[in-house]
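This report covers ligand surroundings first, then selected helices and single residues. Please keep the sequence and the 3D view open while reading.

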Amino acid sequence: MGGGDARNGAAMQLTFLDTAAVRAIYERPFPELAFAAIDAHRAAFDPLAIQQSTLLSVKTGGCSEDCGYCAQSARRTTHVRPEPLAEIDDVVAAARAAKEGGATRFCMGAAWRGVKDGAAFERVLEMVRGVNALGMESCVTLGSLQPHQAQALREAGLHYYNHNLDTSREYYPEVVSTHGYDDRLATLSHARDAGLKLCCGGIIGMGESREDRIALIAEFAAMERPPESVPVNVLVPIEGTPLAERANFDPIELARTIATLRVVLPTSYIRLAAGRSEMSDELQALCFLLGANSMFSGDRLLTTENAAADRDADLLAALGMHAAK
Ligand code: SAM
Ligand code: DTB
Ligand code: SF4
C-alpha cells in the first residue's frame with residue numbers, strides 16, 4: 001500500500017463512509033494506517049503547528065444530568081463544590097491571560113443540562129463578546145440549545161459550539177440516562193443551522209469497546225458537514241463517578257482513533273484534549289505525528305489539572321514544533 005492509497009483515504013471525506021468503511025481504516029496494520037494519516041495531515045495542514053485552546057469553567061457543578069464520567073453531576077459526591085456563574089470581567093481577564101500564553105481560542109464551559117433564557121444566558125453572551133473583542137476565537141459548551149438560543153450565540157459573534165457525542169449510540173445509555181443521543185444530535189443541528197462551527201468529539205477509555213470508538217467516528221463521517229474541531233478526551237477518572245471504575249485506556253487505541261479521524265476528516269482540527277497530563281511525551285508525540293493538531297493549554301481543564309504549560313513548551317521545542325499563531 002503506497003501514497004496513492006493514502007490519498008484515496010484523504011479524499012474519502014467527499015463520499016459517504018459507513019461503519020464498515022471506517023472499521024476497515026481503523027483496523028489497517030498500524031504502519032499503513034499511520035502512513036495514510038500522516039499523508040492526509042500534511043496535505044491539509046502545517047504539520048509543525050499545534051493550535052492551542054484554553055478552557056475555563058464559568059459555571060461549575062450542580063448539574064442535573066448523570067453523565068457517568070463527570071465530576072459536575074449533582075447526583076454524585078466528587079471533589080467539585082458548586083459555584084455560581086462567573087463574572088464577565090473575571091472571564092475576560094482569564095481570556096486575556098490565555099492569549100498572552102499563546103492560546104488562539106478560549107472555551108467557556110457551564111455545567112448545565114442546557115441553556116435557559118434569562119439573565120445567566122445574557123451574561124454568557126456578554127462573555128462571548130468580551131472574548132471576541134480580544135481578537136480570540138470564542139467557544140462555549142452550555143449543554144442543549146434551542147434554535148433561537150443558537151441564533152443568539154451566533155449574533156453575539158460566537159465562533160464554535162462544543163457539544164460532544166462522547167461515544168457510540170449503542171454505548172451512550174451506559175454513560176448517561178437523563179438525556180439521549182438524539183438530543184445531542186438535535187442541539188448540534190441547531191448550532192449548525194445558526195451558522196456556528198461545531199466542536200464535537202468524544203471520550204475514550206471509559207469502558208467502551210473498539211467497535212464503539214469506530215461507530216463514533218462513523219457518526220462524524222455521516223454528518224452532512226462534519227465538525228471543524230474534534231476533541232479526543234481520554235477519561236480523567238474522577239473519584240465518586242461510576243465510569244472511573246470501568247476505565248480501560250489503551251494508548252494504541254488512542255493512536256488508532258486519532259489516525260482514523262485524520263484520514264476520515266482530513267480538514268478538521270483534531271484535539272488531544274483531556275487526559276494529556278497522564279500521557280508520556282512519546283505518546284503525545286505519536287498523536288501529533290498521526291494528525292492531532294490541537295491541544296488544551298493552561299493549568300486547568302474544567303475541574304481537573306491540565307498538563308503544565310512549561311512541560312508543553314518543552315515538548316513542542318524538543319519536537320521542533322510550535323503553537324499555531
Ligand atoms: N454540560 C455541557 C455538556 O454536557 O455538553 C458542557 C460541559 S461537559 C463537562 C463537556 C465535555 O467534557 C463532555 O462532553 C466530555 O466529553 C468532557 N468531559 C467531562 N468530564 C470528563 C472526564 N472526567 N474525562 C474526560 N472528558 C470529560
Ligand atoms: C472537551 O471535549 N473536553 C473539555 C471541553 N470539551 C469542555 C472538558 C474536559 C473536562 C475534563 C474533566 C474536568 O476537568 O472536569
Ligand atoms: Fe457534566 Fe455536562 Fe453531563 Fe452536566 S451535562 S453532568 S456538566 S457532562
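Which residues are around ligand 2? They are Leu55, Thr141, Asn162, Asn164, Pro231, Asn233, Ala274, Phe296, Leu301, Leu302, Thr303 and Thr304. The model is predicted.

## Ligand 2

For Thr303, the distance from a polar side-chain atom to a ligand oxygen is 2.6 Å. For Asn233, the corresponding distance is 2.8 Å. For Asn164, a polar side-chain atom sits 2.9 Å from an oxygen atom of ligand 2. On its own, ligand 2 exposes 410 Å², and the protein buries 87% of that area.

## Ligand 1

Ligand 1 has 17 residues around it. Those that come nearest are Thr141, Asn164, Asp166, Arg184 and Val236. Thr141 and Asn164 are also listed around ligand 2.

The polar contacts of ligand 1 involve both backbone and side-chain atoms. A backbone N or O atom of Tyr69 is 3.1 Å from a nitrogen atom of the ligand. At Ala110, a polar backbone atom lies 3.4 Å from a nitrogen atom of ligand 1. Asn164 uses its side chain: an N or O atom there is 2.8 Å from an oxygen atom of ligand 1. Taken alone, ligand 1 exposes 560 Å², of which the protein buries 89%.

## Asp166

Asp166 is among the residues that come nearest to ligand 1. It sits in the loop between β4 (160–162) and α7 (172–175). Is Asp166 buried or exposed? It is buried, because its relative accessible area is 3%, under the 20% cut-off.

The backbone of Asp166 deserves a look. Most residues other than glycine have a negative phi. Asp166 has a positive phi, near 70°.

## Helix α4

Helix α4 covers residues 88–100, 13 residues in total. At 1.5 Å a residue, the helix should span 18 Å. Its end C-alpha atoms are 19 Å apart, which agrees.

Which residues of α4 are buried? Val91, Val92, Ala95 and Ala98 are. They cover an arc of only 115° around the axis, so they lie on the same side of α4. An α-helix has 3.6 residues a turn, so residues three or four places apart point the same way. The buried residues of α4 pack against β1 (49–59), β2 (105–110) and α5 (119–133). The face turned away from the buried side carries the exposed residues Asp89, Asp90 and Glu100. Just after α4, Gly102 takes a positive phi of about 105°.

## Helix α11

Helix α11 runs over residues 281–289. Its buried residues are Leu283, Gln284, Cys287 and Phe288. Seen down the helix axis, these buried residues fall within an arc of 140°, so they line one face of α11. Glu282 and Leu289 are exposed on the other side.

What do the buried residues of α11 pack against? Their partners are α3 (30–44), β1, α10 (251–264), β8 (269–272), β9 (294–297) and α12 (309–319). Just after α11, Gly291 has a positive phi of about 120°.

His41 lies in helix α3. It counts as buried because its relative accessible area is 2%, under the 20% cut-off. Leaving aside neighbours within four places in sequence, His41 is in contact with Pro47, Arg262, Phe288, Leu289, Gly291, Ala292 and Asn293.

Arg42 counts as exposed because its relative accessibility is 56%, over the 50% cut-off.

## Gly130

Gly130 is found in helix α5, one of the elements that the buried residues of α4 pack against. At 16% relative accessible area, Gly130 is buried. Gly130 and Leu315 are 185 residues apart along the chain, and their C-alpha atoms are separated by 32 Å.

Notes: Residues numbered from 1 in each chain as written. Chains lettered and ligands numbered in written order. Predicted model: local features only at pLDDT ≥ 70, side-chain atom pairs only at ≥ 80, totals over all residues. Heavy atoms only, no water. Helix = DSSP H or I, 4+ residues; strand = E, 2+ residues; numbered from the N terminus. Expected span 1.5 Å × (residues − 1). Buried < 20%, exposed > 50% of the residue type's maximum accessible area, 1.4 Å probe, protein only. Arc of directions from axis to C-beta. Contact = heavy atoms within 4.5 Å. Near = heavy atom within 4 Å. Polar contact = N/O pair within 3.5 Å; in protein donor to acceptor, adjacent residues only side chain to side chain. Areas by Shrake-Rupley, 256 points an atom, 1.4 Å probe, with all protein chains shown as cover.
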